[in-house]
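This report is for a reader meeting the structure for the first time. Please look over the sequence and the model before reading on.

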Amino acid sequence: MSTNRKELLSTAMKRTNEWISSQEIPSDVRVHAAGTSFSLHKFPLVSKCGYIRKLVSESSEADLSTIELPDVPGGAEAFELAAKFCYGINFEIGTENIALLRCVAEYLEMTEEYAVGNLVERTEAYLNEVALNSLAGAISILNSSESLLPIAEEIKLVSRGVDTIAFIACKDSHFASNRADSAMEGLISSASHLKPMVDWWVEDLTVLKIDVFHRVITAMVSRGFKQYALGPILMLYAQKSLRGLEMFGKGRKRIEPRQEHEKRVVLETIVSLLPREKNAMSVSFLSMLLRAAIYLETTVACRLDLERRMGQQLGQAVLDDILIPSFSFTGDTMFDVDAVQRILVNYLENEMESHHLGCNAEDYFVSPPQSDMDRVGKLMENYLAEIASDRNLPVSKFISLAETIPEQSRVTEDGMYRAIDIYLKAHPELSDMERKKVCSVMDCQKLSREACAHAAQNDRLPVQTVVQVLYYEQQRLRNAMNGNGLSGDESPAPPRKVGLYGSDIHVVSDELSSLKRENQELKFELVKMKMRLKEMEKQSLDKSASMGSPSGSTIASSANKPPLPRKSFINSVSKRLGKLYPFLRSDGLGAPKGRTRPPKDRRHSIS
């Protein structure tokens with residue numbers, strides 16, 4: 001059929017439709033579309049809708065009077081607009097209804113095969129020339145396509161909207177570049193002060209559904225958008241999507257299961273999109289995500305990923321960032337101590353790996369700056385003091401976390417003493433043996449004069465600890481009288497250690513360097529071993545609790561106490577650790593030159 005003939009036929013059909021409408025010819029077909037009934041005429045419908053033409057021609061009835069369209073995309077509203085188009089009635093096409101019109105046109109097969117300038121051609125022209133040329137239009141199309149699946153995917157309406165947003169974002173962003181300078185991404189890990197500015201289009205992306213948002217971010221990265229610049233986008237989206245979570249205080253969750261599932265999916269998707277670079281996200285934002293992950297009970301992998309990221313940036317954290325509620329809802333501890341301990345272990349593990357890379361060709365060890373480690377040590381001491389007042393905090397958790405804090409980060413023991421004193425005050429029911437264990441994590445020789453004076457009069461401390469404090473105070477006075485240059489207000493500085501995190505650069509012999517690294521690695525492995533044993537014991541308790549048989553209760557009662565072989569093995573390992581480095585005692589203190597350490601059974605003697 002020639003073009004001129006098609007145009008003549010189209011003009012004739014338009015005049016026919018106008019005549020049908022003006023003369024009010026009785027309808028000869030009733031169309032039921034998505035529960036709504038329309039009284040129409042076959043001729044205008046059949047002339048432009050290939051799907052309806054097939055239904056009429058293939059019908060066994062001589063005069064088909066009813067057509068059922070139960071699954072028409074867009075429902076009755078979309079079919080009404082398509083029917084108006086068939087009748088030649090004018091209506092406005094805009095970004096609000098273009099997705100709906102394009103899908104219903106595809107469903108009814110309103111192509112050029114049946115009429116010139118049919119609805120498919122008209123909607124495609126609008127999409128290419130108007131809707132998909134602006135960010136607002138593409139976002140409107142994606143939002144409208146949510147209710148038009150799967151046909152919106154089949155005609156690639158969603159993918160075209162995603163590509164449009166990615167193209168506009170990369171074109172207008174300051175952080176889209178060629179692949180050639182992708183090596184510059186690594187610089188952001190060492191420049192935490194660089195904060196990407198938020199582009200004008202970022203706020204618009206927060207209205208997208210999480211699955212479409214994920215596709216948009218992936219498309220942006222594939223087009224060259226910088227990974228570290230995703231931070232502000234993810235932060236705005238998370239703040240809007242996770243709004244309304246009451247993540248503070250104990251009690252029953254005030255969220256419906258369906259809403260909880262939706263927010264859980266949002267959170268896990270956001271975590272999977274976080275940039276790989278260090279310092280790309282703030283610690284406060286990572287802490288907020290971790291609180292939400294614990295509250296929403298996301299996958300273990302999601303929570304461990306957030307803990308690992310927080311561990312890499314623990315030196316930038318403040319106390320509020322690590323005060324993470326437990327959300328156990330069973331009367332357990334107020335704060336999630338295990339999560340904070342895992343964050344600290346991740347930090348120490350990351351530091352150890354980076355320090356191994358700092359060894360030179362002769363295998364000499366070069367210590368990094370001390371400032372970051374000092375900040376972490378003070379932070380963890382403040383955290384210990386904050387959680388010490390929790391009546392439900394067991395002795396084992398308090399000691400385990402205190403032992404994880406590296407000794408090199410504690411210039412004085414005043415912070416540790418403060419945490420111990422608060423814990424003993426909040427737990428007056430502790431036995432003498434438990435109080436001794438709690439105080440064993442503190443090195444009395446590194447207490448300041450004010451702390452020693454307070455500890456000497458502290459009735460909550462065990463007698464052995466008070467005697468030890470008095471012994472070192474006597475040493476301080478003796479050194480001052482002997483003219484060692486110490487004033488009465490200064491504490492006897494322990495011998496300078498060639499520590500893993502010393503503030504100066506020390507080059508030591510091969511043998512001493514290897515012994516030192518092995519000592520640190522074994523101490524770190526010991527901490528991780530204790531954590532694994534604790535998790536295994538917890539799992540065995542859970543399994544035995546789930547068994548209703550009497551034997552299950554027997555197992556549960558015995559599981560409360562660690563097996564003797566394990567305990568003796570850990571003790572033997574901890575006793576041998578100090579032997580690897582001749583200048584360090586097992587508790588991390590060096591022996592002063594010219595003075596030997598008293599035997600273990602006479603350690604607290606003042607004679």
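The model is a predicted one.

**The core**

The largest nonpolar core has 147 residues, and the members that touch the most others are F79, L108, L205, F213, M220, I233 and Y383. Helix α14 (residues 283-296) supplies the largest share of this core, ten residues. As a general point, nonpolar side chains in soluble globular proteins tend to be buried together.

L205 is part of helix α10 (residues 202-205). Its relative accessibility is 0%, so L205 counts as buried. Between the C-alpha atoms of L205 and L135 the distance in space is 9.4 Å, while the two residues are 70 apart in sequence. The table gives the contacts of L205 and M220, leaving aside neighbours within four places in sequence.

| Residue | Residues in contact |
|---|---|
| L205 | I139, I165, F213, V216, M220, I233, Y237 |
| M220 | A166, A169, C170, W201, L205, F225, I233 |

L205 has M220 among its contacts, and the list for M220 includes L205. I233 is in contact with L205, and I233 is in contact with M220 as well.

**Two paired strands**

Strand β1 (residues 29-33) pairs with β3 in the parallel sense, over four bridges. Within this pairing, V31 has I67 of β3 as its bridge partner. The side chains of β3 (residues 66-69) alternate along the strand.

Two packed helices are described by the distance between their axes and the angle between them. For helix α18 (residues 371-387) and helix α20 (residues 414-426), the axes come within 8 Å and cross at roughly 10 degrees. The two helices are therefore roughly parallel to each other. On the α18 side, the contact involves E381, N382, L384 and A385, and these meet G415, M416, R418, A419 and I422 in α20. By type, the residues of this contact are five nonpolar, two polar and two charged.

How many of the residues of helix α19 (residues 395-404) are buried? Eight of the ten are, so α19 is largely enclosed by the rest of the structure. The buried residues of α19 are V395, K397, F398, I399, S400, L401, A402 and T404.

Methods
Residues numbered from 1 in each chain as written. Predicted model: local features only at pLDDT ≥ 70, side-chain atom pairs only at ≥ 80, totals over all residues. Heavy atoms only, no water. Axes fitted to C-alpha atoms, helices over the stretch in contact; angles between N-to-C directions. Parallel < 35°, antiparallel > 145°, perpendicular 65-115°, else oblique. Contact = heavy atoms within 4.5 Å. Nonpolar A, V, L, I, M, F, W, Y, C, P; charged D, E, K, R; others polar. Buried < 20%, exposed > 50% of the residue type's maximum accessible area, 1.4 Å probe, protein only. Pairing = 2+ DSSP bridges. Core = buried A, V, L, I, M, F, W, Y, C linked by side-chain atoms within 4.5 Å.
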